[in-house]
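This briefing is meant to be read beside the sequence and the three-dimensional view. The points that follow are grouped by topic.

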Amino acid sequence: MAGPRDPIADLRRIAFLLERANEATYRVRAFRSAAKALAGLPADEVAARAGNGTLTELAGVGDVTARCVAESLAGEEPVYLRRLVATEGSDLDAEATALRTALRGDCHTHSDWSDGGSPIEEMALAAVELGHEYVVLTDHSPRLTVARGLTAERLRRQLDYVAQVNAALPEGFRILTGIEVDILADGSLDQDEDLLARLDVVVGSVHSGLKDERSKMTRRMVTAVANPHLDILGHVTGRMVSSRPAGVTGPGDRGHRARTRAESDFDPDAVFAACAEHDTAVEINSRPERQDPPKRLIRRALEAGCRFAIDTDAHAPGQLDWQRFGCERAALCGVPADRVVNTWSAEQLVAWTHSRA
Ligand SMILES: [Zn+2]
Ligand SMILES: [Zn+2]
């Protein structure tokens with residue numbers, strides 16, 4: 001067992017590395033403020049507070065910095081620092097480009113069958129032009145009525161229709177069948193089991209009750225992640241960091257441009273441990289107004305051993321090119337291509353989803 005490290009030195013080192021990587025000032029400041037707050041206290045008080053979870057009561061110390069301190073005192077290099085060191089000195093731009101080049105498809109897209117703006121054929125042709133080998137069509141599920149979620153009957157019709165469209169598309173490209181299924185309040189999935197089993201890829205997302213209290217939300221997400229039909233956990237926190245781009249509406253908007261929205265509250269370690277255990281991929285949602293999950297959670301999921309899917313959640317053909325944004329965030333967190341399920345061919349992807357359920 002290693003002896004305790006110097007938590008203040010670790011916080012300062014993180015601030016330095018973030019600064020050198022040109023990360024947002026507020027983030028750098030968070031680590032410097034925490035270092036400063038702790039420097040004014042006796043070491044045994046810091047240790048006692050780390051032990052009983054009261055570090056965050058100190059001005060300048062938040063959840064992330066408190067966790068780093070606890071890890072340092074336990075003799076471990078903080079996860080946050082470890083990831084920064086791992087990506088240090090690498091050319092992030094080149095890495096993001098390499099990751100984008102490695103992607104062979106997109107696992108989360110919408111058509112005008114639900115709340116997308118374009119027909120399935122147009123989405124597919126745009127994906128062909130981008131060089132994709134496949135695109136998974138994931139329209140919404142029945143309970144999301146604001147987004148014209150598909151009933152079981154409409155989804156069955158869509159499956160027949162996709163088969164027709166596929167027959168007319170260029171060889172070497174395929175629309176894979178799928179759904180963005182609502183994760184209901186009890187963690188169950190909003191579509192018939194036989195349909196979920198039949199689809200190539202199932203993305204599951206929380207769209208309602210985003211303000212559920214922490215333990216309830218954690219239970220809800222862990223239950224969904226453990227469901228063998230669920231392949232990818234969509235936009236994990238539900239946050240909105242900015243207004244939607246003009247002309248884009250989505251679930252929960254009721255026709256208005258979205259405001260920002262806070263992350264939902266859940267225990268990320270429990271959720272990501274469940275994702276790793278059940279081999280459910282964590283989505284890195286590329287939409288500029290979502291940027292979900294935030295980088296600190298991408299790092300935690302990576303550390304937990306999760307797989308990822310870097311998806312656009314495109315509601316229009318031009319948005320299929322937004323994968324670059326997700327790749328940049330993934331590269332900043334050191335996500336390697338071999339952890340990303342959409343670097344696989346369509347055959348490998350479907351073999352994976354069907355081996356799960
Ligand atoms: Zn969604
Ligand atoms: Zn979506």
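## Pockets, metal site and sheet

The largest pocket has a lining of 19 residues, and those that lie nearest its centre are Asp63, Arg214, Pro268, Arg296 and Arg300. The elements that contribute two or more residues to this lining are α4, α11 (268–278) and α12. The model is a predicted one, and the values below are to be read with that in mind.

**The largest pocket**

- The space in the largest pocket comes to about 400 Å³.
- Helix α4 gives the most to the lining of the largest pocket, namely 6 residues.
- When the lining residues of the largest pocket are divided by class, 10 are charged, 6 are nonpolar and 3 are polar.

**The second largest pocket**

- The second largest pocket holds about 310 Å³ of space, and of the 15 residues that line it, Tyr26, Arg27, Val64, Tyr80 and Arg296 are the closest to its centre.
- Two or more residues of the lining of the second largest pocket come from each of α2 (25–39), α4 and α12, and the largest share, 4 residues, is that of α2.
- The lining of the second largest pocket is made up, by class, of 6 nonpolar, 3 polar and 6 charged residues.
- Arg27, which is among the residues closest to the centre of the second largest pocket, lies in helix α2 and, with a relative accessibility of 18%, counts as buried because the cut-off for that class is under 20%.
- Between the C-alpha atoms of Arg27 and Leu159, which are 132 residues apart along the chain, the separation is 46 Å.

**Enclosed cavities**

- The model has 4 cavities of 30 Å³ or more, and the largest cavity has a volume of about 110 Å³.
- The residues that line the largest cavity are Val64, Arg67, Cys68, Glu71, Val79, Tyr80, Arg296, Arg299 and Arg300.
- Each of α4 (63–73), α5 (79–87) and α12 (295–304) supplies at least two residues of the lining of the largest cavity, with α4 giving the most, 4 residues.
- By class, the lining of the largest cavity has 5 charged and 4 nonpolar residues and no polar ones.

**The zinc site**

- The zinc ion (ligand 1) is coordinated at 2.0 to 2.2 Å by Glu180 through OE, by His207 through NE2 and by His235 through NE2.
- Along the chain, the donors of the zinc ion (ligand 1) follow the spacing E-x26-H-x27-H.
- Because Glu180 lies in strand β3 (residues 174–182) and His207 in the loop between β4 (201–205) and α10 (214–226), the pair ties together parts that are 27 residues apart in sequence.
- Glu180 counts as buried, at 1% relative accessibility, and His207 is likewise buried, with a relative accessible area of 15%.

**The sheet**

- An open sheet of 7 strands runs in the order β1-β2-β3-β4-β5-β6-β7, and its pairing is parallel.
- The strands at the edges are β1 and β7 (308–311), each of which pairs on one side only.
- Although β1 is an edge strand, 5 of the 5 residues of β1 (residues 105–109) are buried, so this strand is largely enclosed by the rest of the structure.
- Strand β1 pairs with strand β2 (residues 134–137) in the parallel sense over 3 bridges, and within this pairing Thr109 stands opposite Leu137 in β2.
- Together with helix α7 (residues 120–129), β1 and β2 make a right-handed β-α-β unit.
- Strand β5 (residues 232–233) and strand β6 (residues 281–285) run parallel and are joined by 2 bridges, in which Leu233 has Val282 in β6 as its bridge partner.

How values were computed:
Residues are numbered from 1 along each chain as its sequence is written. Chains are lettered from A and ligands numbered from 1 in the order in which they are written. This is a predicted model: local features need pLDDT of at least 70, side-chain atom pairs count only at pLDDT 80 or more; totals for chains, interfaces and linings use all residues. Side-chain values use heavy atoms; hydrogens and water are left out. Buried means under 20% relative accessible area, exposed over 50%, partly exposed in between (1.4 Å probe, protein chains only). Two strands pair if DSSP finds at least two bridges between them. A crossover is right-handed if, with the strands pointing away from the viewer, the path from the first strand over the helix to the second runs clockwise. Donors are N, O and S atoms within 2.8 Å of the metal (3.2 Å for Na, K and Ca); water is not among the atoms, so sites may look incomplete. On a 1 Å grid over the protein atoms alone, a cavity is a set of points where a 1.4 Å probe fits but cannot get out, and a pocket is an open set with protein on both sides within 12 Å along at least five of seven lines; lining residues have an atom within 4 Å of a point. Grid points are joined across faces, edges and corners, and a volume is the space filled by probe spheres set on the points. Ala, Val, Leu, Ile, Met, Phe, Trp, Tyr, Cys and Pro count as nonpolar, Asp, Glu, Lys and Arg as charged, and the others, Gly among them, as polar.
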